[in-house]
Amino acid sequence: MHHSDANLTLHELIYAVIPNLNRAEKLVLNTLESLIEAAENPLDVVKRNEQRHAFSLEVHRVRINIEHLLERYRADVDRVLRSGGEVEGPIVVPDTLEADAIRSAIDIYLHVRSFQRGERRQPLPGH
């Protein structure tokens, strides 16, 4: 999933980037919830709640911009989905905000994968 914005197909966006973002979000939020439940220091609870809020806002920003991109490609999205993933669809040409959202979605997923493999101490990007 090391795609530049110039060669990401609609299929890859629908069947790789978005599902990977969903998996990463679930893992991060579950991890934070466990840390909050296990925290004995009230300051740790506050810190983890702030991290959860910031992460949720970032994922929301990413989703809004990806949804905007998908809406611009609505007919192609429908064709890719109707084909059950058999059709690649066009290479997407994102605007600046959409391109940033795609990069962020991929970065979040890669960060979480590194955490799962024990290569990072925190599941949260930027921490």
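Isoleucine 106 lies in helix H4 of this predicted model. Helices here are DSSP runs of H or I with at least four residues, strands are runs of E with at least two, and both are numbered from the N terminus. With a relative accessible area of 8%, isoleucine 106 is buried; buried means under 20% relative accessible area, exposed over 50%, and partly exposed in between, with a 1.4 Å probe and protein chains only.

Residues are numbered from 1 along each chain as its sequence is written. Because the model is predicted, local features need pLDDT of at least 70 and side-chain atom pairs count only at pLDDT 80 or more, whereas totals for chains, interfaces and linings use all residues; side-chain values use heavy atoms, with hydrogens and water left out.

**Overall architecture**

The chain contains 4 helices and 0 strands, in the order α-α-α-α from the N terminus. Of its 127 residues, 36% count as buried. Contact means heavy atoms within 4.5 Å. Among contacts between residues at least 6 apart in sequence, 68% join residues at least 24 apart.

**The nonpolar core**

A nonpolar core is a set of buried Ala, Val, Leu, Ile, Met, Phe, Trp, Tyr and Cys residues joined through side-chain atoms within 4.5 Å. The largest such core has 25 residues, of which Leu10, Leu13, Ile66, Leu70 and Ile102 touch the most other members. Two or more residues come from each of helix H1 (10-38), helix H2 (42-72), helix H3 (74-82) and helix H4 (96-116). The greatest contribution is that of H1, with 8 residues. Isoleucine 66 touches Leu13, Ile18, Ala101, Ile102 and Ala105, when residues up to four places away in sequence are not counted.

**Helix packing**

Axes are lines fitted to C-alpha atoms, for helices over the stretch in contact, and angles run from 0 to 180 degrees between N-to-C directions. A crossing is left-handed if the near helix is turned anticlockwise from the far one by less than a right angle, and right-handed if clockwise.

| Helix pair | Axis distance | Angle | Crossing |
|---|---|---|---|
| H2 and H4 | within 8 Å | roughly 130° | left-handed |
| H1 and H4 | 9 Å | about 50° | left-handed |
| H1 and H3 | within 10 Å | roughly 60° | right-handed |

Angles under 35 degrees count as roughly parallel, over 145 as roughly antiparallel, 65 to 115 as roughly perpendicular and the rest as oblique. H2 and H4 are therefore oblique to each other, as are H1 and H4, and H1 and H3.

In the classification of contact residues, Ala, Val, Leu, Ile, Met, Phe, Trp, Tyr, Cys and Pro count as nonpolar, Asp, Glu, Lys and Arg as charged, and the others, Gly among them, as polar.

H2 passes H4 in a left-handed crossing. On the H2 side, the contact is made by Phe55, Glu58, Val59, Arg61, Val62, Asn65, Ile66, His68, Leu69 and Arg72, and on the H4 side by Leu97, Glu98, Asp100, Ala101, Ile102, Ser104, Ala105 and Ile108. These residues of H2 and H4 comprise 10 nonpolar, 3 polar and 5 charged.

The crossing of H1 and H4 is also left-handed. H1 contributes Leu13, Val17, Asn20, Leu21, Ala24, Leu27, Val28 and Thr31 to this contact, while H4 contributes Ile102, Ala105, Ile106, Ile108, Tyr109, Val112, Phe115 and Gln116. The division for H1 with H4 is 13 nonpolar, 3 polar and no charged residues.

Between H1 and H3, Leu10, His11, Ile14 and Tyr15 of H1 meet Asp76, Val77, Val80 and Leu81 of H3. By class, this contact of H1 with H3 has 6 nonpolar, 1 polar and 1 charged residues.

**Two residues of H2**

Asparagine 65 is located in helix H2 and is buried, with a relative accessible area of 13%. Neighbours within four places in sequence aside, asparagine 65 is in contact with Leu97, Glu98 and Ala101.

Valine 46 is likewise found in helix H2, but counts as partly exposed at 43% relative accessibility. The C-alpha atoms of valine 46 and isoleucine 36 are 8.5 Å apart in space, and the two residues are 10 apart in sequence.
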